[in-house]
Amino acid sequence: MTADLPPLRESLEAHGLLAKKSFGQHFLLDLNVTRKIVRLAGPFEGRAVIEVGPGPGGLTRAILESDAGRVTLVEKDRRFVPLLEELDAGDGRLTIVQADALKVDEAKLAEGPTHLVSNLPYNVGTALLIKWLTGPWTPCALTLMFQKEVAERIVADTDDDAYGRLAVISQAVAEARIVMHLPAAAFTPPPKVASAVVHLIPRADRPDRATLKRLETVTAAAFGQRRKMLRSSLKQLGGGALCEAAGIDPDARAETIDVAGFLRLAAALDR
Ligand code: SAM
């Protein structure tokens, strides 16, 4: 089906489209690359896929070639809608939603366990990740392109310089690993930094939303002053007593506390 479509570059030219900086637009125009990302995201085995920020549709074409079931696109920039409509085979499989992904209610777009795939706009990437991991709706798997430095912050271990709130919250909810690296030159126009694809699988036994809220509170305080001992950085939340209730050394620093330790602190906050 997608084999009959003109190359992406020609589609962009035919529609007179240029990348807009304000929308964080850096396109993947090589279908070999987008197919590889989709292979890493799948297999979908007929499950629904939501793609955020399809832009000219390079990833979308690869998703449509795959074993995905229903495919829903959420694109903020209305200029891309006519071009994306050309990908619609008219069989009801594809739905195009022109909206801001930060504001959409994915539960209304999802159909059963749903995968999320996105070459994210860098300026809203982490906000969207937190929304999907801690919000009322969570996908069954997420395959997301980030700038390399953000990808490293998601998968970081204790004592890594990149270890912080994003690692704790992401790993409390999901198994997360970097599955692909991409140089800036893979994108049109190239961004200033390299990129990486992160694959996350939310755990069945992930913390409930109330615990995640407390985890956000505790990690904000602990990493807000990451060089201080926890008895001092967590002072407002109970300091040394909170640490002791959680079985954590109050003289330790945030970067040495693993995800399980932060979850104990979040639980102790409730008591
Ligand atoms: N997926 C395309 C690709 O790989 O070539 C485009 C990726 S580009 C990095 C990011 C895309 O996200 C752009 O199409 C941009 O318009 C869209 N976008 C930016 N902010 C958005 C938002 N808040 N909600 C939905 N889409 C957004």
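**Reading contacts and burial**

Author: Leaving aside neighbours within four places in sequence, Asn119 is in contact with Leu28, Gly53, Leu59 and Met145, where contact means that the C-beta atoms of two residues, placed from the backbone, lie within 7 Å. This is a predicted model, in which local features need pLDDT of at least 70 and side-chain atom pairs count only at pLDDT 80 or more, while totals for chains, interfaces and linings use all residues. Residues are numbered from 1 along each chain as its sequence is written.

Reader: Is Asn119 buried or exposed?

Author: A residue is buried if 20 or more other C-beta atoms lie within 10 Å of its own, exposed if 12 or fewer, and partly exposed in between, with C-beta atoms placed from the backbone. Asn119 has 29 such atoms within 10 Å and is therefore buried.

Reader: Why does Leu28 count as buried?

Author: Leu28 counts as buried because it has 23 C-beta neighbours inside 10 Å. Its contacts beyond four places in sequence include Val33, Gly58, Asn119 and Phe187.

Reader: Which residues does UniProt list for "binding site"?

Author: The unreviewed UniProt entry lists His26, Leu28, Gly53, Glu75, Asp100 and Asn119; its positions follow the numbering used here, feature names are shortened, and annotations may be inferred rather than shown by experiment.

Reader: What share of the 271 residues in the chain is buried?

Author: Buried residues make up 42% of them, and the C-alpha trace of the chain spans about 65 × 40 × 25 Å along its principal axes.
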